Amino acid sequence: MLKTRTTPDNHAALEQAVAAIAAAMADPSRVKMLCALMDGRAWTATELSAVADVAPSTASGHLARLVEGRLIGCLSQGRHRYYRLAGHEVAELVEQMMGLSWSRVVPPETTAPPSMREARTCYDHLAGRVAVQIYDFMQAEGWLEADGSALTPYGREQFLKLSIPLRAHPRRKACCACLDWSERRFHLGGEAGAALLIHLENKGWIKRVEGYREVVVTASGKEAIARYFSAAV
């Protein structure tokens, strides 16, 4: 078996790559854009300039920097150009950075709307108070490993009982504890979190608010979430 030797050149390249990512994020306007794109949708430059509260010409420069840093991608459809996060790895990075940032400051009284704190999307999985309660239930019932890094065999069995499909060999983290910025606690991320969100939506237990990250839990959803996850909605 061949072993890869780490050389000074490898270290230098890695350090430069880390610095490039940090530099691409090191602007409040670009951070606002990344946070907006956490809803998983593709946004236009005009929409992102409004979110960041900057002029369209200034927004173009910020977007170019994010594209160059491979944090977002650009899609062209006809005359229109849309921007979206480059992938779930970037979404996980942004969410972790938000959680880490909150731990470095005295937590202010949140100004986020109650509906946003209750339930919202975090890129491709569920976040907010409801998601945190579901995660707490899974931890207490032994569905998850102690650090949230994987489903236990029992947890996989429960997912299958709920008809939530899981890949045997996912190309991303199978499961992870994602720090919820509004609750300051964990919700379910990774492949399992994405599969859970799709299941809840397909069942009609949640509905997305068009154009926003907010998610509405339906009447049947409140009943189902209480039944299956002992979570009060």
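Start in helix α8 (residues 153–161) and select Lys 161 and Glu 157, which both lie there, 4 residues apart, or about one turn of the helix. The model on screen is predicted. These two side chains form a salt bridge, with 3.8 Å between the closest N and O atoms. Lys 161 is exposed, with a relative accessible area of 60%, while Glu 157 is partly exposed at 40%.

Next, select Arg 167 and Glu 191. Their side chains meet in a salt bridge at 3.2 Å, N to O. This pair links distant parts of the chain: Arg 167 is in the loop between α8 and β6 (176–180), and Glu 191 is in helix α9 (residues 190–202), 24 residues apart. Arg 167 counts as partly exposed at 47% relative accessibility, whereas Glu 191 counts as buried at 12%.

Now go to Arg 129 and Glu 118. They form a salt bridge whose closest N and O atoms are 2.6 Å apart. Here too the pair links distant parts of the chain, with Arg 129 in helix α7 (residues 129–140) and Glu 118 in helix α6 (residues 114–118), 11 residues apart. Arg 129 is partly exposed at 24% relative accessibility, and Glu 118 is also partly exposed at 24%. The structure holds 7 salt bridges, these pairs among them.

Turn to the cysteines. How many disulfides does a search of the whole structure find? It finds 0. Select Cys 176: it is in no disulfide, and the nearest cysteine sulfur, that of Cys 178, is 5.6 Å away. Cys 178 is likewise in no disulfide; its nearest cysteine sulfur belongs to Cys 122, 4.3 Å away. The cut-off for a disulfide is 2.5 Å between the sulfur atoms. Cys 176 is buried, with a relative accessible area of 10%, and Cys 178 is buried at 2%.

Select helix α3 (residues 45–52) together with helix α4 (residues 56–68). They pack at an angle of about 100°, their axes 9 Å apart, so α3 is roughly perpendicular to α4. To see the contact, show Ala 45, Leu 48 and Ser 49 in α3, which meet Pro 56, Ala 59 and Leu 63 in α4. By class, this contact has 5 nonpolar residues, 1 polar and no charged ones.

The last stop is Lys 222, found in helix α10 (residues 219–229). Lys 222 is partly exposed, with a relative accessible area of 40%. Leaving aside residues up to four places away in sequence, Lys 222 touches Val 217 and Val 233.

Terms used
Residues are numbered from 1 along each chain as its sequence is written. This is a predicted model: local features need pLDDT of at least 70, side-chain atom pairs count only at pLDDT 80 or more; totals for chains, interfaces and linings use all residues. Side-chain values use heavy atoms; hydrogens and water are left out. Axes are lines fitted to C-alpha atoms, for helices over the stretch in contact, and angles run from 0 to 180 degrees between N-to-C directions. Helices (H or I, at least four residues) and strands (E, at least two) are DSSP runs, numbered from the N terminus. Angles under 35 degrees count as roughly parallel, over 145 as roughly antiparallel, 65 to 115 as roughly perpendicular and the rest as oblique. Contact means heavy atoms within 4.5 Å. Ala, Val, Leu, Ile, Met, Phe, Trp, Tyr, Cys and Pro count as nonpolar, Asp, Glu, Lys and Arg as charged, and the others, Gly among them, as polar. Buried means under 20% relative accessible area, exposed over 50%, partly exposed in between (1.4 Å probe, protein chains only). A salt bridge is a side-chain nitrogen of Lys or Arg within 4 Å of a carboxyl oxygen of Asp or Glu.
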